[in-house]
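Dear colleague,

Please find below the structure that I am handing over to you. My notes on what was found in it follow directly after it.

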Amino acid sequence: MSRYREAKFRAVTAFQRRIGNPLLRRLPTQTLLETTGRTSGLPRRTPVGGRRVGQEFWFVSEYGERSQYVRNILAQPQVRVRIKGRWHTGTAHPVPGDDARARLRTLPRLNSAAVRALGNDLLSVRVELG
């Protein structure tokens with residue numbers, strides 16, 4: 001990874017971890033992804049922007065497998081998603097073969113624009129809701 005991309009990754013993730021995510025998690029209408037910490041076993045809640053399509057929920061990770069929540073999904077795919085204030089259980093699957101940029105065009109615009117602008121290694125994730 002280039003120096004610029006690494007510096008961008010560190011700056012964006014630091015901002016999200018310390019400022020963005022704590023604020024967004026408090027909003028009652030914000031969509032949240034709850035994973036299980038791969039080391040701690042504790043619930044980890046991350047704001048995401050995605051869309052429910054039938055019994056599936058799709059979103060795009062801006063840093064692919066470098067994202068902590070994707071690493072948690074790979075270790076334990078059972079997740080919960082809060083959509084419009086209601087929690088749903090499901091099983092998450094990273095979909096590396098999916099065209100993440102095309103997927104972003106089907107998801108909410110504001111979040112998609114931020115993911116495109118800030119992300120380096122886009123990865124689509126599908127949650128099968130149960």
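Leu 23 counts as exposed, because its relative accessibility is 55% and the cut-off for exposed is over 50%. Please keep in mind that this is a predicted model. Leu 23 is placed in helix H1, which covers residues 3-25. Together with Phe 15 and Ile 19, Leu 23 makes a nonpolar surface patch of about 310 Å².

The interior deserves attention next. In soluble globular proteins, nonpolar side chains tend to be buried together. Here, the largest nonpolar core has 15 residues. Those with the most contacts inside this core are Leu 33, Phe 57, Phe 59, Ile 73, Val 79, Val 81 and Val 127. Two or more residues each come from strand E4 (56-61), helix H2 (68-75), strand E5 (78-83) and strand E7 (123-129). Of these elements, E7 gives the most, with 4 residues. A second, separate core has 7 residues, among them Val 95, Ala 100, Leu 107 and Val 115.

Leaving aside residues up to four places away in sequence, Val 79 touches Leu 33, Glu 34, Thr 35, Ile 73, His 88, Thr 89, Gly 90, Ala 92 and Val 127.

I turn now to the aromatic rings. A pair of aromatic rings is described by the distance of the centres and the angle of the planes. The count comes to 3 aromatic pairs. One of them joins Phe 9 and Tyr 63 edge-to-face, with 4.8 Å from centre to centre and 85 degrees between the planes. Phe 9 belongs to helix H1 and Tyr 63 to the loop between E4 and H2, so this pair ties together parts that lie 54 residues apart in sequence. Both Phe 9 and Tyr 63 are buried.

The pair of Phe 57 and Phe 59 is tilted, because the planes of the two rings stand at 40 degrees, with their centres 6.1 Å apart. Phe 57 and Phe 59 are buried as well. With Tyr 69, these two residues form one aromatic cluster.

Finally, please look at the backbone of Lys 84. Most residues other than glycine have a negative phi. The phi of Lys 84, however, is positive, near 50 degrees. Lys 84 is found in the loop between E5 and strand E6 (86-95). Is Lys 84 buried or exposed? Lys 84 is exposed, because its relative accessible area is 79%.

Yours sincerely,
A colleague

Note on methods. Residues are numbered from 1 along each chain as its sequence is written. This is a predicted model: local features need pLDDT of at least 70, side-chain atom pairs count only at pLDDT 80 or more; totals for chains, interfaces and linings use all residues. Side-chain values use heavy atoms; hydrogens and water are left out. Patches are made of residues with over 30% relative accessible area and no salt bridge: like charges are joined within 9 Å, nonpolar side chains (Val, Leu, Ile, Met, Phe, Trp, Tyr) within 5 Å. Accessible areas come from the Shrake-Rupley method with a 1.4 Å probe; for residues, only the protein chains shown count as cover. A salt bridge is a side-chain nitrogen of Lys or Arg within 4 Å of a carboxyl oxygen of Asp or Glu. Buried means under 20% relative accessible area, exposed over 50%, partly exposed in between (1.4 Å probe, protein chains only). A nonpolar core is a set of buried Ala, Val, Leu, Ile, Met, Phe, Trp, Tyr and Cys residues joined through side-chain atoms within 4.5 Å. Contact means heavy atoms within 4.5 Å. Rings of Phe, Tyr and Trp (its six-membered ring) pair if their centres lie within 6.5 Å; planes under 30 degrees apart count as stacked, over 60 as edge-to-face and the rest as tilted.
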